[in-house]
Amino acid sequence: MNPGPATNPELSVIVIGYNMRRELPRTLLSLSRPYQRGCEDINYEVLLMENGSTKPLEDSVISSLGGHFHHYNLESPPSSPAYAINRGAEIASSDVLGIMIDGAHILTPGIVSWVHRAFQIFKNPIVLTRYFFLGPDDQSISAENGYSQEREDALLQRISWPSDGYELFRIGIPLYDGAPRASWLNPLTESNCFFVRRETFEAMGGANELFDFPGGGLLNFDMYNECLRRKDVEPVLLIGEGSFHQYHGGTTTNTTPEDRKSKVRVYKQQYKQIRGIEPVLCDRNWSYLGHQPNKPSEIHMRKRPPSVARHGI
Amino acid sequence: MKPRLSIILVVYNMQRAALRAISSLLPDYQQNIHPDDYEILVVENGSTEPLDHQSVTEMGASIRYFYLDNPPSSPAFAINFAAQKARGDILCIMVDGAHMLTPGVLFRALEVFSLRDDPLVLAPAFFLGPGPQTETIYSGYNEEEEDRLLATINWRKSGYRLFEIGVPYRLDFNGFRPKYFWFIQQFESNCIFVKKSTFEAIRGCDERFDIPGGGLLIPDLYRRLCDLDSTQIFQLLGEASFHQVHGGISTNVPPDAQMEQWERYSEQYVSIRGKEFEVSLQPVEFYGHMPNKFAKKLMVTG
């Protein structure tokens, strides 16, 4: 159902895209009604910011999703998504901003409603969704074992996505980030879909455009770590919801593990230059909110790494 | 002023444990909640050694004390009686007055009521002490040792340290003990929050559960509340109730006797409901935090 153009939306989701014609339709579909559940009474808008794409998404894709979707093409922007995020925040109409720095992430169907609930409970939260990879392993590893866009398409087809978005847990794995086990209670160092009050976003100076590497380097970490450093901001992690990265030849995610490590080293150096400190996650008491929508979402029951064979790829 | 929440605490011959339970409900211990937001109804279920009425009500302005003379031995009647007296629109039912709460239970539960129209909010139950009290009382755990443990953590100043000196309360069905704790679907709780109107809609506790202690009274109540179309179950994370040792009906008996007891309770359930008791499979939602590594450890090691 198309509710028409959003007036006074409560949430604005800013999606940054760069030459992702394959991935963006799925990402945006996962933000649409009725894919998102339990949000009939929630007024939200989605802003796709094309960060200088040479092959932007066709407008017809956007318009088919409903009047609360908007498409902006930035011409010759800086290669880091920082500027595009700030530009999106300027255009966005609501007081709560959702930031998806990488438009290749498909969301589970409860994110809008659970984020909305978190903002009902907490005065000034940063609400984070957990990061997952589609496929049998961290994509920098699975790509070496033959994972590809075609296999990803087949996986998504196997779960009949988008009929039940929570089936994504069946075909993806959480970003372990060095943890020996997955747990919904582990803090995140990276979230590709987080929400803050505009006031807070502006108070920390928005996305810091000094993070000028293509892809942003540690910009994503920096944005939310800067939020965590503010004592008035309450960190909230959603349980049973996630964002799932599609394989697309991204800047850091879709390279070999070695290449990724050396890139991260350079990103960390830049972080230190800009912030004057090591990129260490601010130690805060996290709150948790959510559910366990199905068996595969019980990520603490999993062993790392799941075998490639289990997924038949 | 009418309070939002009415806590029903049923006590029976537990002078030592009940005072601490009440103390853990007071506004100088419970966080982020105003004294006017709630009242505490202490229901003395025909105790031969009751609490001192005056000293209990002097503990806090919002405490009301009721002594039931010669009541049925099950707490079902006591809970229904208190629910009628309750002034709040939300009830917190604590069937065993020997449980102490962590400091965020009340405000977090109330927050859930601002999220959902008709939630059931549960805090999971723990035993105080180094293991399940059904076992530890045979290796020397007793009231003195419990007092000593509670003194070591200065619990009233730092209530989340209760996680340092307690273990989750869980039955080992067929010898199986779940490895992970926080996301396990509970089937009862010593701390259930429900709208008074919802409690009334199912006609409250079923007083046919007349075994001393109640038998499956609370699992039955909870199951019937879960089965309503309107309700949404929420389990709190990082918040809990902690059982003090006190020679209670089902908690402080040997494991063999406990299994026999469970069978007797189950038989009564079958005779009342006409079917075996089953855990509700309604979807559960979660809200809370991990106050310290002792609480979080239950996710990692079980």
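Which residue of strand 12 of chain B does His291(A) stand opposite?

His291(A) stands opposite Glu285(B), a residue in strand 12 of chain B. Strand 12 covers residues 284–289 of chain B and runs antiparallel to strand 10 of chain A, to which five bridges join it. Two strands pair if DSSP finds at least two bridges between them. Strands (E, at least two residues) and helices (H or I, at least four) are DSSP runs, numbered from the N terminus.

## Basis of the model

This is a predicted model, in which local features need pLDDT of at least 70 and side-chain atom pairs count only at pLDDT 80 or more, while totals for chains, interfaces and linings use all residues. Residues are numbered from 1 along each chain as its sequence is written, chains are lettered from A and ligands numbered from 1 in the order in which they are written, and side-chain values use heavy atoms, with hydrogens and water left out.

## Extent of the interface

In chain A, 22 residues are in contact (heavy atoms within 4.5 Å) with 20 residues of chain B. Ile121(A), Leu185(A) and Tyr288(A) supply 31% of the area that chain A buries against chain B, more than any other three residues. Buried area is the accessible area (1.4 Å probe) that two parts lose on being put together, summed over both.

## The side of chain A

Helix 4 (111–121) and strand 10 (287–291) of chain A each supply at least two residues of the side that touches chain B. Strand 10 gives the largest share of that side, five residues.
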